[in-house]
Amino acid sequence: MLPNYRRCISCRKVASKEAFWRIVRVYPSGQLQLDLGMGRSAYLCPEQECLKAAQKKNRLGKALRARVPQEIYQTLWERLGAVSPGSATRTQETPPAGPGDLSPKQPDCR
Ligand SMILES: [Zn+2]
């Protein structure tokens with residue numbers, strides 16, 4: 001394996017580390033965070049399937065030997081532009097801007 005190559009914790013695909021999300025258990029606080037920090041790291045493809053598997057099978061938690069807070073998954077789902085499975089509400093309709101809210105301006109001259 002080339003030095004800058006990493007393996008996805010879900011599908012085990014190998015690619016350069018820039019291709020993955022990095023989840024770090026920061027030393028010494030033990031906090032999990034994304035992208036930055038020194039400590040034990042896990043890598044994950046920015047893909048729904050890999051994220052789903054990492055969450056469902058606790059691959060992330062096992063790889064990092066830490067409890068993964070829900071916010072971490074939440075952030076990753078948001079990065080994918082997807083709603084986390086279970087709360088799939090994708091009805092966002094913005095009503096067209098009608099002419100009703102255009103109040104006429106009072107001229108301020110005397
Ligand atoms: Zn993967």
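## Gly 39 and its surroundings

Gly 39 is found in strand β5, in what is a predicted model. Because 16 C-beta neighbours lie inside 10 Å of it, Gly 39 counts as partly exposed. If we leave aside neighbours within four places in sequence, Gly 39 is in contact with Val 24, Arg 25, Val 26 and Tyr 27.

## The chain as a whole

Of the 110 residues in the chain, 20% are buried. Among contacts between residues at least 6 apart in sequence, 47% join residues that are at least 24 apart.

## The nonpolar core

Which residues have the most contacts inside the largest nonpolar core? This core has 17 residues, and those with the most contacts inside it are Ile 9, Ile 23, Ala 42, Tyr 43, Leu 44 and Leu 60. At least two residues of this core are supplied by each of β3, β5, α1 (48–56) and α2 (59–64).

Leaving aside its neighbours within four places in sequence, Ile 23 is in contact with Leu 32, Leu 34, Ser 41, Ala 42, Leu 44, Leu 60, Leu 64 and Ile 72.

In α1, the buried residues are Cys 50, Leu 51, Ala 54 and Gln 55. Seen down the axis of α1, the buried residues fall within an arc of 130 degrees, and therefore they line one face of the helix.

What covers the buried residues of α1? The covering elements include β5, α2 and α3 (70–80). On the other side of α1, by contrast, Glu 49 and Lys 56 are exposed. Just after this helix, the backbone at Asn 58 takes a positive phi of about 55 degrees.

Arg 12, in the loop between β1 (5–7) and β2 (14–16), has a positive phi of about 70 degrees although it is not a glycine. Is Arg 12 buried or exposed? With 8 C-beta neighbours inside 10 Å, Arg 12 counts as exposed, because a residue with 12 or fewer such neighbours is placed in that class.

Asp 35 lies in the loop between β4 and β5 (39–44), and Asp 35 also has a positive phi of about 70 degrees without being a glycine. Since 9 other C-beta atoms lie within 10 Å of Asp 35, this residue is exposed. A cis peptide bond, with omega near 0 degrees, runs from Tyr 27 to Pro 28, and Pro 28 is found in the loop between β3 (21–26) and β4 (32–34). Tyr 27, on one side of that bond, is among the residues in contact with Gly 39, the residue of strand β5 with which this report began.

How values were computed
Residues numbered from 1 in each chain as written. Predicted model: local features only at pLDDT ≥ 70, side-chain atom pairs only at ≥ 80, totals over all residues. Helix = DSSP H or I, 4+ residues; strand = E, 2+ residues; numbered from the N terminus. Core = buried A, V, L, I, M, F, W, Y, C linked by C-beta atoms within 7 Å. Contact = placed C-beta atoms within 7 Å. Arc of directions from axis to C-beta.
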